[in-house]
Amino acid sequence: MKVLLVHPSCLLYSEIYLRLEPLGLERVAQAVRTAGHDVRLLDLQVSRPTVYVHEISTFRPEAIGFSLNYLANVPEVVELAKATKARLPQSFIFVGGHSASFIPHELLQHAQGAIDCVVRGEGEGSTPQLLEAISDGVVEMIPGVVTLEGTGPPPLLLDSLDQHFPARDLVRQRHKYFIGALDPCASIEFTRGCPWDCTFCSAWTFYGRSYRQSPPEAVIEDLARIREPNVFIVDDVAFIHPEHGMAIGQEIEKRGIRKRYYLETRCDVLLRNREVFAYWKRLGLLYMFLGIEALDEETLHLHRKRITLNENLQALEVARQLGLIVAINLIADPGWDEVQCRFIQEWAASVPEIVHLTVNTPYPERKPGIQRPVSSPRLTTGSSMFSTPFCRLGFPYSSFIENWSRPKPS
Ligand code: B12
Ligand code: SF4
């Protein structure tokens, strides 16, 4: 079957600081290719919409799969699905990814028949099964599948992460992926899932609190194929198990692989496994993203973060001592008043790190997950950057803008 997999365009203004390769879609593409299908991948972060139209007219795919990790991409995917159904009425259109998995019914309703099904959960296992089932006309028995007619069994989890290496070769214009100074930059996955259960986060609901590691040999095989000098390690929490991080690192050292890295982790993991991060600093770790989330014990407790403020601040100190460039996240509560807003703002201005602020916006039915980004005090260009019109703030919106807007850095 001819299959086209599509990643939607960049998130609003994110191109200022990053554009990353569609790793999830590349992994799904590899699974589909292994099953014998003729698969193409189009990333609208780097290709114009006209390329999509051209691909639809010339390749004439029988199945089209969209990746939908972020709610901000929902309108684009729904519009593309509708336009595609109008041109290729026989094509089968499906959507997967984090956000799609949490709002399948809403998506199907918005698409008014243009999306045939949503595939919840990891796509590697279910997508080849789905493609097989399309010809039989009944897809509702495939794990994770949701249609307007029914819902299949719960999504499958991969037994092993090294089953499908990403089909990096299918992505055109690889040189366009970067994060900050890591340019060009590829992405890689060492582990998947997270054993914690913070109230605001969708990682643990998506992966069922499973935590799986790719064998170090498989990671190295994947890494050795990457030509880019920089690598974004996409793990939700890097180096939870120090021996895994050390084993990968030692193999990198043995092979003489020299790259620069970006990763994300928890503050307590950094404190506990400091030597692993120090080792990776020597191997080329440059950037680190830390989820601090709140500056008081009560809110940390409400977020079920299972960490103290003191530990968070100690970890920041460790990251500074290691000489890493650090970005941190804080979760903004739409109920904050001006005093709380001012307190956070002053704290953000007093630390050397990049402080990223995110408004917590639960999915429908209060499912855990989704944080909606609002602004970074250091990157904001003006009101168009804010998602706050959609939130009810505890103080006037105009005052929020006035307090948080900063000129765009030149
Ligand atoms: C890279 C990344 C980003 C990049 C995205 C750039 C890009 N275009 O790729 C940036 C930095 C911009 C970003 C931003 C944000 N992110 Co982010 N991000 C990630 C990260 C670290 C890696 C994604 C990845 O490559 N994963 C690895 C691949 C293999 O997995 P995957 O993409 O999920 O794909 C699998 C499935 O989803 C599925 N699938 C995916 N596509 C498709 C398509 C089809 C057809 C099918 C069938 C299946 C399928 O199958 C794939 C293989 O199993 C994840 C964490 C993680 N480890 O996943 C968080 C994550 C996805 N992000 C998250 C969050 C919260 C955010 C922010 C809100 C953070 C913030 N505070 O600002 C913003 C959102 C911005 C917005 N406007 O909405 C959450 C979940 C988001 C959600 N929808 O609920 C995650 C899970 C991190 C977390 N634990 O909190 N993020
Ligand atoms: S916020 Fe981080 S530690 Fe908490 S559940 Fe999500 S990925 Fe895990």
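L283 is partly exposed, because 16 other C-beta atoms lie within 10 Å; by this count a residue is buried with 20 or more such atoms within 10 Å of its own C-beta, exposed with 12 or fewer, and partly exposed in between, the C-beta atoms being placed from the backbone. This is a predicted model, in which local features need pLDDT of at least 70 and side-chain atom pairs count only at pLDDT 80 or more, while totals for chains, interfaces and linings use all residues. Residues are numbered from 1 along each chain as its sequence is written, and chains are lettered from A and ligands numbered from 1 in the order in which they are written.

L283 belongs to helix α11, which covers residues 274–283; helices (H or I, at least four residues) and strands (E, at least two) are DSSP runs numbered from the N terminus. Beyond its neighbours within four places in sequence, L283 is in contact with G249, I252 and E253, contact meaning that C-beta atoms placed from the backbone lie within 7 Å. G249 is 34 residues away from L283 along the chain, yet their C-alpha atoms are separated by 7.3 Å.

The protein chain as a whole contains 15 helices and 17 strands. Of its 410 residues, 41% are buried.

One open sheet has 6 strands in the order β3-β1-β4-β5-β6-β7, with mixed pairing; two strands pair if DSSP finds at least two bridges between them. Its edge strands, each pairing on one side only, are β3 (38–43) and β7 (145–146). Strand β1 (residues 2–7) runs parallel to β4 (residues 63–67) and is joined to it by 4 bridges. Within this pair, L4 stands opposite I64 in β4.

The loops hold several backbone features. Q112, in the loop between α5 and β6, has a positive phi of about 50° although it is not a glycine. Q112 counts as exposed because it has 12 C-beta neighbours inside 10 Å. R304 lies in the loop between α12 (297–302) and α13 (309–321), and its phi, near 55°, is likewise positive in a residue other than glycine. A cis peptide bond with omega of about 0° joins D183 and P184, and P184 is found in the loop between β8 (178–179) and β9 (185–188).

How values were computed:
Contact = placed C-beta atoms within 7 Å.
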